Amino acid sequence: MSKQSASAASITLFARRKKKGEKIVMLTAYDALFARLQDGGEVDAILVGDSVGMVQGGLPTTIPVTLDEMVYHTRMVSRGLSHSLLIADMPFLSAQVSTEEALRNAGRLLAEGGAAAVKIEGGQAVSRTIARLVDVGIPVMGHLGVIPQSIHSLGGYRTRGTRRTEADRLLEDALALQEAGCFSIVLEKVKPELAARITRELRIPTIGIGSGADCDGQVLVNADMLGLFEDFQPRFVRRFAELGQAVRQAVSDYAAAVRSGDFPSADEQ
Ligand code: KIV
């Protein structure tokens, strides 16, 4: 049984925040250790992103991340949360092959992982499946713009919506996801003016990442904002700490203390 309890946030919080004009705060987490540290009540939602494959697994893309891995990480995060809403990413092709498979896979993230909602990348191509998931009681967050599972067809991480046809398509996709019953949509690297327009036109809240300040909320990868992931730093990331440097310093201090005989001291035996 997951530790997610009745006191954890529900998706209705998202609607309330949008109605009141209060920003929604979202962060990723991949294990119980960080989930506990981030779950103080200030973070509305924790996303177990398939970014786990890149951040913790050392992969070059999110494509090889499996459903079993997502279930495992979601279960770990659920043990560390009692406040924030827990959302789990549906990994590559776990929602696209058939609606039946999507139902079974999303069901595992809720039943075995303890998630309260799932996130699915894509627009009109997945909207019928999303409607079916929502029908059976599985809350779904959409994800548009740069959708990393489609990186090979997108051809890169450039900002989306800079061209007229692309912008029109993104707005249509957002409306289709709202129609399908999504409770919120992540907009990743969408041109800020377009993200602002989508945010105005939708009843459901948008969560931005690299899409400007006018979205209804923001999400960042925890390892990025903590300064732990150092392979590359997208322009939209602000580092709120430099934990990578702190870890290296601590490891070096520990090694020196062991070698010098300073650790353990008489009190530490
Ligand atoms: O996988 C992930 O962490 C994500 C966020 C960056 C939105 O999809």
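A: Two strands are said to pair if DSSP finds at least two bridges between them; strands (E, at least two residues) and helices (H or I, at least four) are DSSP runs numbered from the N terminus. The present structure is a predicted model, in which local features need pLDDT of at least 70 and side-chain atom pairs count only at pLDDT 80 or more, while totals for chains, interfaces and linings use all residues. Residues are numbered from 1 along each chain as its sequence is written, and side-chain values use heavy atoms, with hydrogens and water left out.

Q: Which residue of β3 is the bridge partner of alanine 45?
A: Strands of a sheet pair through backbone hydrogen bonds, either parallel or antiparallel. Here, the partner of alanine 45 is leucine 85. Strands β2 (residues 45-48) and β3 (residues 85-89) run parallel and are joined by four bridges.

Q: In what order do the eight strands close into a barrel?
A: The order is β1-β2-β3-β4-β5-β6-β7-β8, with parallel pairing. From one strand to the next, the twist averages 25°, where axes are lines fitted to C-alpha atoms (for helices over the stretch in contact) and angles between N-to-C directions run from 0 to 180 degrees.

Q: Which strands pair with β5?
A: On one side, β4 (residues 117-121) is joined to β5 by four bridges in the parallel sense, and glutamate 121 has histidine 143 as its bridge partner in β5. Strand β6 (residues 184-188) also pairs in parallel with β5, over five bridges; there methionine 141 stands opposite serine 184.

Q: Are the residues of β5 buried or exposed?
A: Buried means under 20% relative accessible area, exposed over 50%, and partly exposed in between (1.4 Å probe, protein chains only). In β5 (residues 140-145), six of six residues are buried. Val140, Gly142 and Leu144 point one way, and Met141, His143 and Gly145 the other.

Q: Which helix packs on the sheet and touches β5 and β6?
A: Contact means heavy atoms within 4.5 Å. Helix α8 (residues 164-180) touches both strands, and its direction makes about 175° with that of β5.

Q: Which residues surround the ligand?
A: A residue counts as near if one of its heavy atoms lies within 4 Å. Those surrounding the ligand include Thr28, Asp50, Ser51, Lys119 and His143. A polar contact is a pair of N or O atoms within 3.5 Å (within protein, one must be able to donate a hydrogen and the other to accept it, and residues adjacent in sequence count only if both atoms are side-chain atoms). An oxygen atom of the ligand is 2.5 Å from an N or O atom in the side chain of serine 51; for aspartate 50 the corresponding distance is 3.1 Å. A polar side-chain atom of lysine 119 lies 2.9 Å from an oxygen atom of the ligand.
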